[in-house]
Each structure stands twice: as C-alpha cells, then as structure tokens.
Amino acid sequence: MPETPAVSRRLLLGSAAATGALATGIGSAAPVAATEQAPRRRPGQKSMIGVPFAAHPTVRVAVIGLGNRGGGMITGWAAVPGCTVTAVCDIRADRAERAADRLESKGNPRPAEYGGSADSYARMLRRDDIDLVYIATPWEFHYEHGRAALLSGRHAVVELPVATELRQLWDLVDTSERTRRHLLLSENCNYGRNELAMLKAAHDGLFGDLTNGHGGYLHDLRELLFSDTYYTDSWRRLWHTRSTASFYPMHGLAPIAAAMDVNRGDRMTTLRATTTAPKGLADYRARFVPRDHPSWKETYINGDLVTCMIETAKGRTVRAEHDVSSPRPYSRINTLAGSRGIVEDYAGPAPTGARIYVEPDHGGHTWRDFETYRKEYDHWLWQKVGDDAANNGGHGGMDYVLQWRTVQLMRAGLVPDIDVYDSAAWCSPVPLSVTSLARGGRPVEIPDFTRGAWRERRPGLDSAPTDMPPAG
C-alpha cells in the first residue's frame, strides 16, 4: 500500500487557495450553495432519528486500526461490563498480535487477529460474532471503513472525522438509513465532565438565551508530527502538505453544538473560514529537524490557525478553531454564552479549569470557579461511572465514559446520544472550510443532513439516568 492513498481534488486546493484566502479575508457576498446537494431518499429509505439499538445481551466489538488511538482504546472496550473484543485488525499484522496479547494478559478472551494487507478488515467483517465496529485508522480511511461496517450489518463508532468530503458524509447518512444501522462519531469530548455539566446547565437556563459559543482544538503537535514513529508513515503531517482544511474542529464544536440543541431545534446554516499563514511546521523543522529528514522535501499549505465562523438558524454563532502547529498550551476553549452569563473552560488554575459568571449569582465583573455549578449539574454518567472512568480510560476518563455509554445503549436497546446526522454535521466543517477558503472566506451553506427533522426537539446527550443491564 502506498504511504497515503489518493485524495480527492476537493481537498487538493493547495497553497494558491490558502494565499488567496489570506489576502482577501472574509467576503460579504451571499452564502455559496453547498457543493453537494441533498440527495433524495430511495424508496423505502427512512430516517434513523429516534431509532433504538436492538438490545444485545453482550456487545461484541471489532477494532480496525491499532495505532496510538486504537491500541489505547481496546482495553477500555474490554473493561465495560457486558462487552468483549472479538476481533482486532491492522494493516500491520504485528500490531494485531500485540493487541491480542495485551487483552489476553489482562484476563480477557483472546480476539481473532487480522492484518497484513489493505483488505484485512473486509475479511474480518465476514465474521458472525461482531455487533459493533470501532474504527481508529488514519483519516483518509474512515469513510471506507465506516461504510463497509454498515454494509456488513454492524453498527460503527468512527474516530474523528467520520469522512473528509461532503459527498462521503451524505453517503454515510444514506447508508445508515438504508442498512438501519447506526454510525456514530467517537467524539469523546462530548462526554467530558465539564462539557456535560455545561450542557445540562445550558438546558436548565443558567445562561439565559444562548447566543454564542467558542470551541477548538489547540494542541501543539509539532514534535509528534515530525516523529518517525508516532504517526505511521507520517500520515498526519502529510495532510498539512495537501489540504487547507480545518482538520479537527469537532472537539471544540461538538460540545457547543450539543448545548445549543443543533439538530434538535436548531441547525448550523452557514460557515465562513479564515486562515493564518502556514509558518509553524516549517519553522519547527528549520530549528529541530535534521536536514536529511524526509520532511525537508515537503511544502506545508495548511494554515497554522484555521477559524470557522458558523451561524445557526436561530441566529447563534459558533467560532471553531484548529491549530496544531503553534507553540501553546493545550486548549479546547469550551466557551458558552447567553443573555444571562458565560462559562469559559481552560481559563486558569481553578480546580475545574473553568470559570463562570452568571446573573443574578455574580456581580462586580469578577469571575468565579465553575466547581459549585459542576457539582450541581454533574451528569449522571459521571456520577455512575466516574471512578471507573479514571481507571479505564484516557483523556481524564471521558474515553471510558463514551465506551461505557455506547455499550449500555446497545445492551439496553436505547436510542444513541449521538447519531449519524450529528456526526455528519459536526464533521462538515472539514470540507466546507476548504470551499470557503478557496472563495476568499465567503460563507458557504451547511447542508441539512436531517432533511428537515432538525426542527423537532428530541433527547440527546442530556439523557435520563439508566442502568447497565445485568450480565446474562
């Protein structure tokens, strides 16, 4: 298999597009229509909104992709009550073997191993002991693997983003509807403790009428991007040579969208993108990377900071940022504001890392720690599995909360918190940012993946407490 697969011309907009966007700035013209029109449903094809999982006594998980992310998540899946990992797959067979060894060493049944070729996952999907496929391959494979999982009759949990093109996002929506199987974005940040408390507080009216939010993925990855071992075949760095997209806005966007009931009474309507010049990776290379390193043959076109300004049908705005090329402390920003107050995460040394100011509780233009409100609005999932989360999952435990909740939903036969429509909407800024930047920052329309159903209020991450079914 080549180092990276062929990439659609939709993403190959190159440095000329980036330079034009920098020079022109945000345009003021009417929104540009989305490049992919909403396809009509086929006869008999129906929405997946409100469709519960069939109840599963045990959830049998297969994993595709055993690099840093997939390899780190397998033990969490195996630790959830009523869940077992039945098969593991990676194009590198030795990774599958090591993953199986690791599970077996912790007292779990040894999963079947697949690997050694690009179609190993297809052979794995022919098994009859898989209910859910977890996909943690490089971005360029997510669509292919997620679609194949659905077509094999399995539900799919896909790492970010579920796809990189608008056409692919629509196809995943339609494939989910035709196969009657769910595809979910593995957005662990939606299950963060602060994020869920923020969501519950917003739904309780603490911030008044919501007006705006700000989220991002600001993570200095320069050392890892130039590592010869961390990202296999340098796949993630190479995206910076071939696309101007906001690669990873979902970590910041998704929790804000959930708090604003996007696809559940509101929807994202337009996006406009801006970008700074691509300076960070080249500067880091010049200072720290030997001249004989393969990266010296590369030209970076992805701007250091890509910002997407998103508007909703209710007149709200969301600012979603992506920057992995600049020296800075980690932040997802995680800010939500309304007519009666504001909460800001990653804002200082407070115990929760977040600060708040709401009327009538506060005055004097002085921030307060979020801790009292997090206790008041602590989500039942963290109250129930918080201790296990700390022991079984990374990223402060939110990985395990996502895994536990997914398995619980499937075992109890409940409607998923995150559905294919959320997944497609939250990932749409990846291709849409490219389109906006190529057109000088003009706003572009965001498709309605629900086909009109966004107007209906329905539950989401602000769920009612339920128990994990007892083991059979």
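Colleague: At what angle do helix H6 and helix H15 pack, and how far apart are their axes?

Modeller: First, the ground rules. This is a predicted model, where local features need pLDDT of at least 70, side-chain atom pairs count only at pLDDT 80 or more, and totals for chains, interfaces and linings use all residues. Residues are numbered from 1 along each chain as its sequence is written, and side-chain values use heavy atoms, with hydrogens and water left out. Helices (H or I, at least four residues) and strands (E, at least two) are DSSP runs, numbered from the N terminus. Axes are lines fitted to C-alpha atoms, for helices over the stretch in contact, and angles run from 0 to 180 degrees between N-to-C directions. Now the case: H6 (residues 166-179) and H15 (residues 420-427) pack at about 180°, with axes 10 Å apart.

Colleague: Which word describes how H6 and H15 run relative to each other?

Modeller: Angles under 35 degrees count as roughly parallel, over 145 as roughly antiparallel, 65 to 115 as roughly perpendicular and the rest as oblique. H6 and H15 are therefore roughly antiparallel.

Colleague: Which residues of H6 and H15 meet?

Modeller: Contact means heavy atoms within 4.5 Å. From H6 come Leu-169, Leu-172, Val-173, Ser-176 and Glu-177; from H15 come Val-420, Tyr-421, Ala-424 and Cys-427. By class, that contact has seven nonpolar residues, one polar and one charged. The classes: Ala, Val, Leu, Ile, Met, Phe, Trp, Tyr, Cys and Pro count as nonpolar, Asp, Glu, Lys and Arg as charged, and the others, Gly among them, as polar.

Colleague: How do the axes of H5 and H6 cross?

Modeller: The axes of H5 (residues 142-151) and H6 cross at roughly 10° and come within 9 Å. H5 and H6 are therefore roughly parallel. On the H5 side, Tyr-143, Gly-146, Arg-147, Leu-150 and Leu-151 take part. They meet Arg-167, Gln-168, Asp-171, Leu-172, Thr-175, Ser-176 and Thr-179 in H6.

Colleague: How many residues does the largest nonpolar core have?

Modeller: The general idea: in soluble globular proteins, nonpolar side chains tend to be buried together. Buried means under 20% relative accessible area, exposed over 50%, partly exposed in between (1.4 Å probe, protein chains only). A nonpolar core is a set of buried Ala, Val, Leu, Ile, Met, Phe, Trp, Tyr and Cys residues joined through side-chain atoms within 4.5 Å. Here the largest one has 133 residues. Trp-77, Phe-207, Leu-336 and Phe-449 have the most contacts inside it. Helix H14 (residues 398-412) gives the most to this core, with eight residues.

Colleague: What does Phe-207 touch?

Modeller: Leave out residues up to four places away in sequence, and its contacts include Met-198, Ala-201, Leu-336, Ile-342, Ile-356 and Val-358.

Colleague: How many disulfides does the structure hold?

Modeller: A disulfide is a covalent bond between the sulfur atoms of two cysteines. The cut-off is a pair of cysteine sulfur atoms within 2.5 Å. The structure holds zero. For Cys-83, the closest cysteine sulfur is in Cys-89, 18 Å away and too far for a bond. Cys-83 is buried, at 9% relative accessible area. Cys-427 is in no disulfide either; the nearest cysteine sulfur, that of Cys-308, is 12 Å away. Cys-427 is buried too, at 0%.

Colleague: Which peptide bonds into proline are cis?

Modeller: Check omega. The bond from Leu-160 to Pro-161 is cis, with omega near -20°. Pro-161 sits in the loop between strand S5 (155-158) and H6. The bond from Glu-359 to Pro-360 is cis as well, with omega near 5°. Pro-360 lies in the loop between strand S13 (355-358) and strand S14 (368-369).

Colleague: What is phi at Asp-261 and at Tyr-346?

Modeller: Phi of Asp-261 is near 60°, a positive value in a residue other than glycine. Asp-261 lies in the loop between helix H10 (250-259) and strand S8 (268-275), and is buried at 12%. Tyr-346 has a positive phi of about 55° and is not a glycine. Its loop runs between strand S12 (341-344) and S13. Tyr-346 is partly exposed, at 34%.

Colleague: Where is Pro-39 found?

Modeller: Pro-39 is in the loop between helix H1 (14-24) and strand S1 (59-64). Pro-39 is partly exposed, at 27%. Pro-39 and Asp-174 are 135 residues apart in sequence and 8.6 Å apart in space, C-alpha to C-alpha. Beyond four places in sequence, Pro-39 touches Trp-170, Asp-174 and Arg-451.
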